[in-house]
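Hello,

Here is the structure I promised to pass on to you.

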Amino acid sequence: LDVYQRREFAYLERDKSALVFTHGDAKWDNWIDGNVLIDFGSAKISTEYKDIAKSLLDAKQIFNTKIVDMFIGNYYDLRQQTSQPIEEPLEEVRQNVYDAIITECVRTIHYKHDQNKWLAEQLREIANHYAEIQRDV
């Protein structure tokens with residue numbers, strides 16, 4: 001419920017966020033040689049939380065929140081150098097990315113559970129890990 005309430009609040013307050021062009025499915029299999037992004041079927045104007053979350057789900061260090069926070073912080077710092085900096089404080093961005101990690105795990109489990117039980121179990125563990133962190137907030 002807390003995640004839902006934060007999502008609802010983020011939606012209602014969305015005019016505070018600079019919207020950007022997002023890929024919508026920025027996971028490993030949509031990159032060629034690690035530097036050419038393909039498959040723009042889910043592309044849209046949105047906030048970048050889902051793209052950050054999906055890219056982090058492929059990281060070997062997904063359970064190491066210090067490393068995940070470093071990636072989020074690096075992205076945040078890079079965006080602050082652009083003509084469209086993120087207006088939210090870093091801590092709020094981090095919470096939104098964590099929420100998106102949980103959402104993407106649950107969504108992918110729903111679609112992939114019967115096809116790949118190992119993946120579903122890994123995503124369940126990741127979702128539980130970040131849900132526990134979010135409960136402490």
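**Salt bridges in the model**

Lys-54, Glu-104 and Arg-107 are joined in a network of salt bridges (a salt bridge being a side-chain nitrogen of Lys or Arg within 4 Å of a carboxyl oxygen of Asp or Glu). Before you read on, please note that this is a predicted model, in which local features need pLDDT of at least 70 and side-chain atom pairs count only at pLDDT 80 or more, while totals for chains, interfaces and linings use all residues. Residues are numbered from 1 along each chain as its sequence is written, and side-chain values use heavy atoms, leaving out hydrogens and water.

The structure holds seven salt bridges. One of them pairs Arg-79 with Glu-48, with the closest N and O atoms 1.9 Å apart. Arg-79 sits in helix H3 (residues 65–80) and Glu-48 in the loop between strand S4 (44–46) and helix H2 (49–57), so this pair ties together parts 31 residues apart in sequence. Helices (H or I, at least four residues) and strands (E, at least two) are DSSP runs, numbered from the N terminus. Both Arg-79 and Glu-48 are buried (under 20% relative accessible area; exposed is over 50%, partly exposed in between, with a 1.4 Å probe and protein chains only).

Lys-54 and Glu-104 form a salt bridge at 3.5 Å, N to O. Lys-54 counts as buried at 6% relative accessibility, and Glu-104 does too at 4%.

In helix H5 (residues 117–135), Glu-121 and Arg-124 lie three residues apart, about one turn of the helix. Their salt bridge has its closest N and O atoms 2.7 Å apart. Glu-121 is partly exposed at 35%, as is Arg-124 at 31%.

Best wishes
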